[in-house]
Amino acid sequence: MTPLEILSSATTGSPAPRIPVFCNMPDHGARELGMPAKQYFSKGEYVADGQLRMLRRYGYDNIWSLHYVGKEAELLGCREILFADDGVPNVADFVIKNLDDIAKLEIPADITQHPAWQPIADSLRILRSEIGATHPICAYATASTTLPAILMGMDKWMELFLLGPFDVRDELLRKCSDFSQQEIAALRALGASVLIYSTPFGSPYFVSRKQIEQIVMPWMRRDLLPGGSENLIYYCGMAPFNDVIDLIFDELHITNHYISPLADIAEAKRLINTRGLTCGAIDDIKMIHWSAEQTRAEVKRIVEIGKTGSHFLFGNGVMPLAVPEANIQAMVDAAFEYGRLA
Amino acid sequence: MLDAYIQSYNQAVFETDKPAALEVVNQALSDGLSPEDIVFKLVIPAVELMMALIEKDPDANLAQHFMTAQIAADVTEKMLEKFSKPPEMIGRVVIGAAYGDLHSLGKRIVSGCLKSLMVDVVDLGTNVSAEKFVDTAVTENAQVIAVSAMMVHTATSEKGSLGVRTLLQQRGLQQQIKLAVGGAPYRFDPELYVKVGADAWAPDGVTAAKVIVDLIREVKP
């Protein structure tokens, strides 16, 4: 079976030789190509090449088209990204510097015509043409209720979210939701077969369940209205969200859930059961200092909890660049070995 | 009576309802509490109670931490203007986000709580070099340097906490200035603080204030 077929089997619960094994390493491609991060992310061809080389080297099932999260801010007017050769790029220029900027914020009529979109489109076209028929191609879209954090800074957004003025907050959310709708549609049109819907404000680690139900949920519903929730994975930026899994099923009809290493994976599997896909993630920050044996042991623990009854995928967080290559290989090998299905 | 105020105040904070929390403060003032009483008998015990609650219930959410700090800092600032004489400060901390890190929510929560606990806060902002942390701590006579890092590479970089530790060692300041760290990577690996040379860490901003106060007391009994 191809990795795409294995993922499909895990989602539907039909027979497969093993669980799907995903690996998320958006920043490693630059090192793979031996170039600075800023240069690597400047062209879609580089990103596609770096990701394809890592796929061949480690042999996991998926491939990533994500450049960096700040790319969404660039599409909305951010002029400076702080690149680092040892880690994740940061937004260095907030589009919204004060509340008056919210009224001025304009969502492009067609984000695919924006120059910042071209590297994304180029990488997705290459990935679809090279391995789209056999491998899941992952793309990343930020939810409207989280997008403001990269447009104005998390503390300013938290303040506006909680204290208002609420008409200004809702104006910003409407604009962000318009952007999310466009972005999701554009990524699907380019051949992304798995969409990571990143929604940290949809986690009770960020805000209360009541706030999720009353404020966050209506905007998430709006984000997903045009295209539906098919092939979407609910992801809260590695924050736990077991307490709202049922709510997400009921309100958003998202059936695939990326579970935080800080959450109880057994509880998550029980909650999701055969209704959808439980994605169990290893704590890859600990992998920086673990041995290969410790990495294998943790993969075994997670996979043995999750794989019973299928409907399970193994994955990681954001794989820091400081994680030794031997541990990445040990993680992938162990996931294949322990993820075999009878 | 005070217990009732503390309970109502904390309930409002837990529900992230700032107007309700301020109403409790105003009610306490009109019932005869002095600005000093508001800070020392209401806000500080309430923040300490919140710390204890968060310790027992680590699932308290980020919005609650944020509002705990914001409301406590706002009320304290307003009350301090009305104090009959300036209060004695517990100590001083230099705080900032690590070199290469532009996230400011965590340090804002910590700073808000510290201010309400009568700790002087020198906020260096984001993307702060190790040299600037140490130089400022020396010139400001701070007992603690607090380095926030929301990304793994800024937490583990030689230019972050490790750099601060190196400078403290080189300058023979390890007994006078303690180093605290916090931020998302430390939640995922609770042993990471040792590897980056820190004396202490905290899993959230509110608890960090308690950890920093404890470090200040180690240096300045």
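In this predicted model, the C-alpha centres of domain 1 and domain 2 of chain B lie 25 Å apart. Domain 1 of chain B runs over residues 2-80, and domain 2 of chain B over residues 91-219. Where the two meet, 16 residues come from domain 1 of chain B and 13 residues from domain 2 of chain B.

Let me stay on the domain 1 side for a moment. Two helices of chain B, α3 (35-56) and α4 (62-80), each supply at least two residues to the side that touches domain 2 of chain B. Which of them gives the most to that side? The answer is α4(B), with eight residues. By class, this side of domain 1 of chain B has 11 nonpolar residues, four polar and one charged.

UniProt, in an unreviewed entry, lists residues 90-221 of chain B under "domain: B12-binding". Over that stretch chain B is 46% helix and 19% strand.

Helix α5 of chain B, residues 105-116, packs against helix α11 of chain B, residues 205-219. Their axes are 8 Å apart, and the angle is about 55 degrees. That angle makes α5(B) oblique to α11(B). The crossing of α5(B) past α11(B) is right-handed. On the α5(B) side, the contact is made by B:G106, B:I109, B:V110, B:C113 and B:L114. Facing them from α11(B) are B:G205, B:V206, B:A208, B:A209 and B:I212. How many of the residues in this contact of α5(B) with α11(B) are charged? There are no charged residues in it; eight are nonpolar and two polar.

Next, chain A. The unreviewed UniProt entry carries the annotation "domain: Uroporphyrinogen decarboxylase (URO-D)" for residues 5-337 of chain A. Over those residues chain A is 47% helix and 10% strand. The end C-alpha atoms of residues 5-337 of chain A are 18 Å apart.

Chain A also gives us a helix pair to look at. Helix α4 of chain A, residues 44-58, and helix α7 of chain A, residues 118-131, pack with their axes 7 Å apart. The angle for this pair is about 40 degrees, and α4(A) and α7(A) are therefore oblique to each other. As α4(A) passes α7(A), the crossing is right-handed.

Which residues of α4(A) take part? They are A:G44, A:E45, A:V47, A:A48 and A:L52. From α7(A), the residues they meet are A:Q118, A:P119, A:I120, A:A121, A:D122, A:S123, A:I126, A:L127 and A:E130. The contact of α4(A) with α7(A) holds eight nonpolar residues, three polar and three charged.

Last, the two chains together. Across the interface, 29 residues of chain A are in contact with 24 residues of chain B. On the chain A side, the elements that give two or more residues are β3 (90-91) and α9 (154-163) of chain A. The largest share of that side comes from α9(A), which gives five residues. Sorted by class, the side of chain A that touches chain B has 19 nonpolar residues, six polar and four charged.

Conventions
Residues are numbered from 1 along each chain as its sequence is written. Chains are lettered from A and ligands numbered from 1 in the order in which they are written. This is a predicted model: local features need pLDDT of at least 70, side-chain atom pairs count only at pLDDT 80 or more; totals for chains, interfaces and linings use all residues. Axes are lines fitted to C-alpha atoms, for helices over the stretch in contact, and angles run from 0 to 180 degrees between N-to-C directions. Helices (H or I, at least four residues) and strands (E, at least two) are DSSP runs, numbered from the N terminus. Angles under 35 degrees count as roughly parallel, over 145 as roughly antiparallel, 65 to 115 as roughly perpendicular and the rest as oblique. A crossing is left-handed if the near helix is turned anticlockwise from the far one by less than a right angle, and right-handed if clockwise. Two residues are in contact if their C-beta atoms, placed from the backbone, lie within 7 Å. Ala, Val, Leu, Ile, Met, Phe, Trp, Tyr, Cys and Pro count as nonpolar, Asp, Glu, Lys and Arg as charged, and the others, Gly among them, as polar. UniProt positions are given in the numbering used here, feature names are shortened, and annotations may be inferred rather than shown by experiment. Domain bounds come from an automatic or database domain assignment.
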